[in-house]
Amino acid sequence: MLDLSRMRALHAVSVHGSVSAAAIALGYTPSAVSQAIAKLERETRTPLLERRGRGVVLTDAAVRLADTARELLALVERAETELDERRGLPTGRLTVAAFPTAARDLLPGVLARLAREHPTVDARMSEVDPHLSVGLVARGAVDLAVAHDWDINPLPAPEGMERATLGEDRCDVIVPRGHRLAGRGVIVATDLVHEHWICQPPGTVCHDWLVRTLRATGHEPDLAHQVAEFQTQLALVDAGLGIALVPRLGRGALPSGVVALRLDPVPVRRLYAYWRVGAARRPAITETVRLLRAAAAAA
């Protein structure tokens, strides 16, 4: 008889790519995950992990077993959803992946209210980029993702998943107070040619949107500084090192040395919650989505 908790550990390693990352996702220690895999190897009399450099990779047998684990966990999720639905109250562990500004501005209040009103829900949050978080939900690694996209770079809902629109997040161009455009109020993309930009690293949704928009003017953007945190971007703008496109969600108060300008048309990030179809009726998910909508509307 295969132990489900050990199958869950193997599935987590296959999804996250390492024992340490799987441990973080499961809320275990790396040692506990390694021990679970070792016991599963003894149960199956099959090697499941191979050393590769400083890390590990799944054997061919482990890959097939991890696929089976995914199917088993999906069945368990459906059974748990049916039981939760019959009880009618949010309960159980809920894992949420959220992009950084949502993690800063939306999730603290939502998770606090969820804990206060539904103490039997054990909610856990991880900060994850939207391009990755939706895939984590699809593969069963997390229950719910809070993600965003842009009009020129839509983020689809993979097969077997549902999503709800939470709201919109408008973005402004942030320039130093002494910048040539600081007194304009409203600008267009062609006003931003030949500027030094401070932006997020390649591979992020914000970086891709900025590059596409500026290239549409016929000019290659000058990406002088690439940093993940918007607060760091604001500090660099405040120091006079460039300009940045910064969303309003989670932005907080602007430094005194910068000015926010409205870009026409206004860049808008659309905010979504994603979950698996099999968990659509789970009260913990429906209640969390409701709270996220209310928080986004008030932001």
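Reader: Which hand is the crossing where H6 passes H10?

Author: Right-handed. Bear in mind that this is a predicted model.

Reader: And the geometry of H6 and H10, what angle and how far apart are the axes?

Author: The angle is about 135 degrees, and the axes lie 10 Å apart. H6 covers residues 107-117 and H10 covers residues 283-298. The two helices are therefore oblique to each other.

Reader: Which residues meet there, H6 side and H10 side?

Author: H6 brings Leu107, Val110, Arg113, Leu114 and Glu117. From H10 come Glu287, Thr288, Arg290, Leu291, Leu292 and Ala295. The contact residues split into six nonpolar, four charged and one polar.

Reader: Switching topic. Where is leucine 26, and is it buried or exposed?

Author: Leucine 26 sits in helix H2, residues 19-26. Its relative accessibility is 13%, so leucine 26 counts as buried.

Reader: What does leucine 26 touch, skipping residues up to four places away in sequence?

Author: Arg8, Ala9, Ala12, Val33 and Arg93. Alanine 12 is 14 residues away along the chain, and its C-alpha is 7.5 Å from that of leucine 26.

Reader: Now glutamate 50. Which strand is that in?

Author: Strand S1, residues 49-52. Glutamate 50 has a relative accessible area of 40%, so this residue is partly exposed.

Reader: What is glutamate 50 in contact with, leaving aside neighbours within four places?

Author: Gly55, Val56, Val57 and Thr59.

Methods. Residues are numbered from 1 along each chain as its sequence is written. This is a predicted model: local features need pLDDT of at least 70, side-chain atom pairs count only at pLDDT 80 or more; totals for chains, interfaces and linings use all residues. Side-chain values use heavy atoms; hydrogens and water are left out. Axes are lines fitted to C-alpha atoms, for helices over the stretch in contact, and angles run from 0 to 180 degrees between N-to-C directions. Helices (H or I, at least four residues) and strands (E, at least two) are DSSP runs, numbered from the N terminus. Angles under 35 degrees count as roughly parallel, over 145 as roughly antiparallel, 65 to 115 as roughly perpendicular and the rest as oblique. A crossing is left-handed if the near helix is turned anticlockwise from the far one by less than a right angle, and right-handed if clockwise. Contact means heavy atoms within 4.5 Å. Ala, Val, Leu, Ile, Met, Phe, Trp, Tyr, Cys and Pro count as nonpolar, Asp, Glu, Lys and Arg as charged, and the others, Gly among them, as polar. Buried means under 20% relative accessible area, exposed over 50%, partly exposed in between (1.4 Å probe, protein chains only).
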